[in-house]
Structure formats: C-alpha cells, structure tokens
Amino acid sequence: PELVFDSILSITEEIRVCLYFDEASESWSDRGCQVLETFPDKITCGCNHLTSFAGAAAKAFGRFGENNVEIMLQRPDLDLSRWPYYVFLVWYLLLYSPCLIFMQRDSRDYPWL
C-alpha cells in the first residue's frame with residue numbers, strides 16, 4: 001500500500017477523570033464519582049461513597065485527518081512463507097553458531113568468566 005499525506009490534523013484534548021477501585025470487579029471505575037474542579041496541577045473529585053479513589057489526567061488524540069496514516073498503525077503482518085526470511089535465518093545461524101561454540105570453549109579456559 002502507498003502512504004499518502006493529504007493533511008495531518010492532530011487534535012489533542014485533556015481528559016480528567018475521578019476513579020475509585022471497585023473491589024468486586026478488581027478494576028478502576030468512575031461510577032458515583034465526578035470531577036468537581038480542574039486546575040492545571042490538580043483535580044477536585046467528589047464521590048458518593050467512601051472508597052479508595054484517585055484522579056487521573058491524560059491527553060486524547062483525535063484522528064489524523066484525511067490521509068491513510070492508519071496503515072502505519074496496523075499490526076505488522078509477518079509472513080514466514082517467504083524465501084528471504086529463510087535465507088536470512090540460515091545465514092544468521094551459520095554466522096552465529098561458530099561464535100557460540102568458541103564462546104563455550106573460552107569459558108572453559110577462563111573459569112572466572
């Protein structure tokens with residue numbers, strides 16, 4: 001696939017949430033908690049229950065715009081049925097195997113290694 005950049009639009013938005021640790025589900029949840037005030041360096045949370053809670057801040061990134069940058073975000077497809085992979089693997093093993101053999105012999109000559 002060809003990667004074309006028409007325009008890259010990066011949208012960032014600050015997200016601030018108040019969470020509590022739900023012991024039943026063993027995960028953080030925002031049920032019953034809300035952000036009362038936000039400041040550049042802190043968050044004031046309000047929860048309707050007494051539990052262990054915390055405030056969290058993050059940035060959300062929007063879509064990249066009208067382009068096909070999502071190609072770069074896809075998981076790489078590793079196809080092992082290609083012959084260059086096997087050529088590289090054999091070449092690597094032929095090059096690396098003597099190093100392993102000599103390393104083993106050297107470790108016998110130098111017991112302090």
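Ring pairs link F88, W91, Y92 and Y96 into a cluster. Rings of Phe, Tyr and Trp (its six-membered ring) pair if their centres lie within 6.5 Å; planes under 30 degrees apart count as stacked, over 60 as edge-to-face and the rest as tilted. The model is predicted: local features need pLDDT of at least 70 and side-chain atom pairs count only at pLDDT 80 or more, while totals for chains, interfaces and linings use all residues. Residues are numbered from 1 along each chain as its sequence is written, and side-chain values use heavy atoms, with hydrogens and water left out.

**Aromatic pairs**

- The structure holds five aromatic pairs.
- Y85 and Y86 form an edge-to-face pair, because their ring centres are 5.4 Å apart and their planes stand at 70°.
- Y85 is partly exposed at 32% relative accessibility, and Y86 is likewise partly exposed at 43%; buried means under 20% relative accessible area, exposed over 50%, and partly exposed in between (1.4 Å probe, protein chains only).
- Y92 and Y96 have ring centres 5.6 Å apart and planes at 10°, so this pair is stacked.
- Y92 and Y96 are four residues apart in helix α2 (residues 83-109), and therefore about one helical turn separates them; helices (H or I, at least four residues) and strands (E, at least two) are DSSP runs, numbered from the N terminus.
- Y92 counts as partly exposed at 39% relative accessibility, as does Y96 with a relative accessible area of 40%.

**The hairpin of β3 and β4**

- Strand β3 (residues 33-38) and strand β4 (residues 43-47) run antiparallel and are joined by five bridges; two strands pair if DSSP finds at least two bridges between them.
- Four residues lie between β3 and β4 in this hairpin.
- E37 is placed opposite T44 in β4.

**A charge over a ring**

- K42 lies over the face of F39, at 5.2 Å from the ring centre; a charge sits over a ring if NZ of Lys or CZ of Arg is within 6 Å of the ring centre and within 35 degrees of the ring normal.

- D22 belongs to strand β1 (residues 12-22).
- With a relative accessible area of 12%, D22 is buried.
- The side chain of D22 reaches the backbone nitrogen of A24 at 3.3 Å.
- Not counting residues up to four places away in sequence, D22 touches S27, S29 and R31, where contact means heavy atoms within 4.5 Å.

Note on methods: A polar contact is a pair of N or O atoms within 3.5 Å; within protein, one must be able to donate a hydrogen and the other to accept it, and residues adjacent in sequence count only if both atoms are side-chain atoms.
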